[in-house]
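Thank you all for coming. I would like to walk through one protein structure this morning, beginning with a term that we will need before looking at any part of it.

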Amino acid sequence: IMTHQVSRSPFLKPFYTRTPVGGVIPRTQRRHTLPASEFRNLTPQDAISVFEIEREAFVSVSGECPLTLDEVLNFLSQCPELSLGWFEEGQLVAFIIGSGWGKERLEQEAMTQHIPETSAVHIHVLSVHRHARQQGKGSILLWRYLQYLRCVPGLRRALLVCEEFLVPFYQKAGFKEKGPSAITVPNLTFQEMEYHIGGAAYARRNSGC
């Protein structure tokens, strides 16, 4: 039910950012042309592209990825509706992966578990391809993801952990600090952040859910 309902979300409809020379693309041609830019839920078939972007982005900085390839496959199999990918001409350029979580605060187990039918989503990772960075794509993708979550039945909160230097980035998106996180990774400490998702009435009025 969840996947069926969210698939109608207006935030996952393709949109076009380039206008061809000479006017509008003919109707017959459009059927065979990849959208210039598209947002959609990820699938297990996207796992390799996801992991390659994640590995390049994180290993050089922290020495390890937030999610292993097996964990990426696991989450994209169990809860694809809590992921969002940004594709340009068919190529993945940025993504978010989330999973369900059932407690007030994130715990170490949240790093590898998906709890179905809960009111909170744990955002594991937001990453942008190296050729698409410094263009504001991370902020845009996060905004669209949070709007999209308004259309997922039952969700009320989004939770994540981040290093201190990323706190202002998430605060600009509407997240609030909850304090130091119980999640630990060698040589790293995290702050936990929380975003309150608007109610169903707000979602219907503003996004066409």
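Let me start with what a pocket is: on a 1 Å grid over the protein atoms alone, a pocket is an open set of points with protein on both sides within 12 Å along at least five of seven lines, and its lining residues have an atom within 4 Å of a point. Grid points are joined across faces, edges and corners, and a volume is the space filled by probe spheres set on the points.

What you see is a predicted model, in which local features need pLDDT of at least 70 and side-chain atom pairs count only at pLDDT 80 or more, while totals for chains, interfaces and linings use all residues. Residues are numbered from 1 along each chain as its sequence is written, and side-chain values use heavy atoms, with hydrogens and water left out.

With that in place, the largest pocket has a volume of about 1100 Å³. Its lining takes in 38 residues, and those nearest the centre are Phe58, Pro66, Leu126, Leu166 and Tyr170. The elements that contribute two or more residues to this lining are α3 (47–62), β4 (120–128), α5 (137–149), β5 (157–162) and α6 (167–172), where helices (H or I, at least four residues) and strands (E, at least two) are DSSP runs numbered from the N terminus. Which element gives the most to the lining? That is β4, with 7 residues.

Of the 209 residues, 44% are buried, where buried means under 20% relative accessible area, exposed over 50%, and partly exposed in between, with a 1.4 Å probe and protein chains only.

Two residues illustrate those classes. Is Lys137 buried or exposed? Lys137, which has its place in helix α5, is buried because its relative accessible area is 9%. Leaving aside neighbours within four places in sequence, Lys137 is in contact (heavy atoms within 4.5 Å) with Trp86, Glu88, Val93, Val128 and Ala132.

Thr184, by contrast, sits in the loop between β6 (176–180) and β7 (191–196), and it counts as exposed because its relative accessibility is 52%. Although Thr184 and Glu107 are 77 residues apart in sequence, their C-alpha atoms are 9.1 Å apart in space.

Key. On a 1 Å grid over the protein atoms alone, a cavity is a set of points where a 1.4 Å probe fits but cannot get out, and a pocket is an open set with protein on both sides within 12 Å along at least five of seven lines; lining residues have an atom within 4 Å of a point.
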